[in-house]
Amino acid sequence: MAESIKANITAVGHYLPEDVLTNKDLEEMVDTNDEWIRTRTGISERRILKDPDKASAYMGIEAAREVLRDRNIDPLEIEAIIVATATPDYLFPATACLVQREIGAFNAFCFDLMAACSGFLYALTTGASFIETGRYKKVLIIGSDKMSSITDYTDRATCILFGDGAGAALLEPSEDDCGVIDWVHHSSGIGAEYLVQEAGGSRNPASAETVEQKKHYIYQDGKAVFKKATEGMADVSREIMDRNNLSDDDISWLVPHQANLRIIDATAKRMGLSSERVMINIDKYGNTTTATIPLCLYDWKHKLKKGDNLILAAFGGGFTWGAVYLKWGIES
Ligand code: UT7
C-alpha cells in the first residue's frame with residue numbers, strides 16, 4: 001500500500017498592529033483594574049489596529065507576505081487560501097479573496113472558514129486534508145481577527161479580553177514523518193447563545209435598533225463559556241494524547257488557544273505538562289481569536305526543533321473545540 005501523504009507546516013508568518021492597549025489604559029475607560037485583569041485572565045496588554053481603513057484582510061495579507069518571503073515562493077504557486085476569521089472585512093466576498101488579490105495568488109481558490117476561536121485549527125485540518133488527497137501541494141492558511149471592530153469598550157466583561165492580530169502558515173506535502181499526524185474536532189450548537197455577535201447577519205440585519213441595542217458587539221456569558229472551555233480544551237487534549245498513545249514525556253509543547261491563562265493552566269495540568277512546555281503569550285496580545293495559535297507558533301519558531309511533538313488545542317464560540325497532533329517539520 002502506498003505511504004499516506006502528510007501535510008507539513010513549512011513556513012509561518014504573522015502581523016501585529018503597533019498600537020498597544022494596556023490594562024492601565026483600560027482603567028481609564030471602564031471600571032476595572034490591572035490586578036483583576038492579570039489575575040483573572042493573564043492579560044497585561046493587547047494590540048489594536050486603529051486605522052479604520054484596515055481590517056482582517058490587511059493583517060492576513062501582511063502575515064501571508066511573510067510566509068511567501070520566508071519560503072521564497074512565487075504567489076502563483078499557492079493553490080488554495082483558507083482564511084479563518086470571526087471578523088471578515090465583509091460578509092462577502094470572502095476575506096481570502098481579498099488576500100489573494102493583494103498577494104497575487106491568482107491560481108488559488110479561496111474561501112473563509114468560520115469556527116470562532118477554533119477557526120485556525122479547523123483551517124489547518126481542512127488544508128491538511130487537501131494536501132493528503134495528493135491533489136494539492138501548497139495551501140495557505142490564515143487566522144486573522146480585528147476583534148476591536150466588534151468589541152464594546154464600555155463593557156468591562158469583554159473589552160479587557162480581546163486584541164487584534166494575524167498568523168499564517170503554509171502547508172505542503174511532508175517529505176518525512178513530520179506534519180499533521182492526527183486531529184479531533186467537536187462542536188455543540190447548544191452553546192450558540194453563550195458567545196455570539198447577534199446582529200449583522202441575516203437574522204438581525206443592521207438597523208438603527210440593532211446599533212442602539214449594541215447587538216453588533218460580542219456578547220459573552222463569561223462564566224458559562226469559562227466552564228465549558230476549561231472542560232473542552234482539557235478533555236480534547238487528553239483524548240488526542242490517549243488515541244495516539246502519547247505520554248506527557250512525549251509532548252514537546254502544548255500550543256493552546258489564548259483565551260484565559262486559567263483555562264490554559266487547567267489544560268496543561270490535565271495533560272501532565274509543566275508550564276515550561278506550554279506556549280503562552282496571552283500577556284502580550286490578549287485573545288486574538290483565530291490568530292492566537294499561529295502567533296504562538298511564530299513566537300516560538302526559533303525554539304522549535306524538527307521532530308518536536310506539538311499538541312494544538314482550542315475552544316470557541318459555537319461551541320467549537322478541538323486538538324491537533326503535529327510533528328514540527330521545519331529545520332531549526
Ligand atoms: O475564546 C473564546 C472562549 N472564551 C473564553 O474562553 C473566555 C471564558 N471566560 C473567561 O475567561 C472569564 O469568565 C472572564 C475572564 C470573562 C471573567 O472571569 P470570571 O472569573 O468568570 O469573572 P465573573 O464574570 O464571574 O465576574 C466576577 C466578578 C463580578 O463581580 P461580582 O458580581 O462578583 O461583584 C464581575 O462584575 O468580577 C466582576 N468583573 C470585573 N471586575 C473588574 C467582571 N469583569 C471585570 C473587570 N474588572 N473587567
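How much area do domain 1 and domain 2 bury between them, and what percentage of it is on carbon and sulfur atoms?

Reply: Domain 1 and domain 2 bury about 4100 Å² between them, and 61% of this area is on carbon and sulfur atoms. Buried area here is the accessible area, found with a 1.4 Å probe, that two parts lose on being put together, summed over both. The structure is a predicted model, in which local features need pLDDT of at least 70 and side-chain atom pairs count only at pLDDT 80 or more, while totals for chains, interfaces and linings use all residues. Residues are numbered from 1 along each chain as its sequence is written, and side-chain values use heavy atoms, with hydrogens and water left out.

The two parts are domain 1, residues 7-177, and domain 2, residues 180-327; such bounds come from an automatic or database domain assignment. Their C-alpha centres lie 14 Å apart. Across the boundary, 55 residues of domain 1 are in contact with 48 residues of domain 2, where contact means heavy atoms within 4.5 Å.

Specific pairings can also be counted. There are two salt bridges between domain 1 and domain 2, a salt bridge being a side-chain nitrogen of Lys or Arg within 4 Å of a carboxyl oxygen of Asp or Glu. The side chains of K306 and D176 meet in a salt bridge, with 2.6 Å from N to O.

Consider next the side of domain 1 that touches domain 2. The elements that give two or more residues to this side include strand 1 (7-15), helix 3 (56-71), helix 5 (119-132) and strand 7 (164-173). Helices (H or I, at least four residues) and strands (E, at least two) are DSSP runs, numbered from the N terminus. Helix 5 provides the largest share of this side, nine residues. By type, the residues of this side divide into 23 nonpolar, 20 polar and twelve charged. In this division Ala, Val, Leu, Ile, Met, Phe, Trp, Tyr, Cys and Pro count as nonpolar, Asp, Glu, Lys and Arg as charged, and the others, Gly among them, as polar.

Of the 24 residues around the ligand, T32, R40, K223, N260 and N287 come nearest; a residue is near a molecule if one of its heavy atoms lies within 4 Å of it. An N or O atom in the side chain of R40 is 2.7 Å from an oxygen atom of the ligand. For H257, the corresponding distance to a ligand oxygen atom is 3.0 Å, and for R262 it is 3.1 Å.

Note on methods:
Polar contact = N/O pair within 3.5 Å; in protein donor to acceptor, adjacent residues only side chain to side chain.
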